[in-house]
Amino acid sequence: MLGTKAILAAKKCLKAGTAFRLTLENKNKTVIDHNIPFIIHYYNNSIYKHHKPVEKHDKNDPLLPPYPQYREVIHLTDSKADHYVFINILMVALGHVVISSANPKCVQGDRLNISDCSALSQIIQGYNNSGIAYYNCGVESGCSQMHKHVQFVPYITNHLFDELIQTSSSHILNQPSYGFRHYSVKLRNYSAQEILHKYNQLMSQSKWDKAYNFLISNQHAVLIPRKCANHPIYNVNVSSLNFGGHFYLWDTDSPKILTNPLKILQDVCIKW
């Protein structure tokens, strides 16, 4: 299984020092906002001291080969995919992988296509359909690299995502919307064709052609239009995993973030 292969590669990377854990394993905490549990992860200050600006590489793009020792998991070339799967250098969980288009001309603002969705399909099923896949599309989505790529994290618990799939525009109006535009749809399966069909459906429904986050988990897909990558006051970077219910902070970040994490998300999204 691809998931097992990725986990083994991640362990080798940690031992060899070619990949690292982004956060401290023993410092997570849970805060409740609007009855939703948010998991707060704290950065490992020894390896991650500040957010980098979005990077575009004309040469030696880190999302294209060659990769450091043990990081490449597989080059997917079947079923219309042409993607490199490799261990994220800063893993939020063991087995966190980047799925990078082999086409050097593809950028992190292009729409997903059948090749991308084929790669996603193989990765999701390779992790036994358990975890969360996502695409940070556009600079204001919170992405950090401009070469086209999607990611997968074997997170089992994604509380906010589970709430969002119940409260999108396709549901009854008296349900809570949590204060920002989001659109969800159920997937019949994790085939490439189904993922692409439901992705296109959400894009059409949202009528949005700027930055967005697209997530897949728990047999559903969610799309969230975005207006900015960082919170205008607290400068917290927000990307797809925040909409799973995960926040990544330093000890020095304002404690006010913990009192209302949902407001942080509202401020970087588009209101209904």
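Are Tyr199 and Phe214 buried or exposed? In this predicted model, Tyr199 is buried, and Phe214 is buried as well.

**View 1. The aromatic pair of Tyr67 and Phe86.** By the rule used for ring pairs, the count comes to 12 aromatic pairs. In one of them, the ring centres of Tyr67 and Phe86 are 4.4 Å apart and the ring planes meet at 25°, so the pair is stacked. Tyr67 belongs to the loop between strand 3 (36-42) and strand 4 (72-76), while Phe86 belongs to strand 5 (residues 83-87), so the pair ties together parts that are 19 residues apart in sequence. Tyr67 and Phe86 are both buried.

**View 2. The aromatic pair of Tyr199 and Phe214.** These two rings are arranged edge-to-face, with 5.0 Å from centre to centre and 75° between the planes. Tyr199 is part of helix 4 (residues 192-206) and Phe214 is part of strand 11 (residues 212-217), so the contact ties together parts that are 15 residues apart in sequence. Together with Tyr135 and Tyr212, Tyr199 and Phe214 form one aromatic cluster.

**View 3. Lysine residues over aromatic rings.** The charged end of Lys27 sits over the ring of Tyr42, at 5.3 Å from the ring centre. Lys210 lies over the face of Trp208, 5.3 Å from the centre of that ring.

**View 4. Helix 2 and its ends.** Helix 2 (residues 114-126) has 13 residues and reaches 18 Å from its first C-alpha to its last. Of these 13 residues, 11 are buried, so helix 2 is largely enclosed by the rest of the structure. The buried residues include Cys117, Leu120 and Ile124. At the start of helix 2, a side-chain oxygen of Asn113 comes within 3.0 Å of the backbone nitrogen of Ser115. Asn128, which follows helix 2, has a positive phi, near 60°.

Definitions and conventions
Residues numbered from 1 in each chain as written. Predicted model: local features only at pLDDT ≥ 70, side-chain atom pairs only at ≥ 80, totals over all residues. Heavy atoms only, no water. Helix = DSSP H or I, 4+ residues; strand = E, 2+ residues; numbered from the N terminus. Expected span 1.5 Å × (residues − 1). Buried < 20%, exposed > 50% of the residue type's maximum accessible area, 1.4 Å probe, protein only. Polar contact = N/O pair within 3.5 Å; in protein donor to acceptor, adjacent residues only side chain to side chain. Phe/Tyr/Trp six-rings, centres within 6.5 Å; stacked < 30°, edge-to-face > 60°. Lys NZ or Arg CZ within 6 Å of the ring centre and 35° of its normal.
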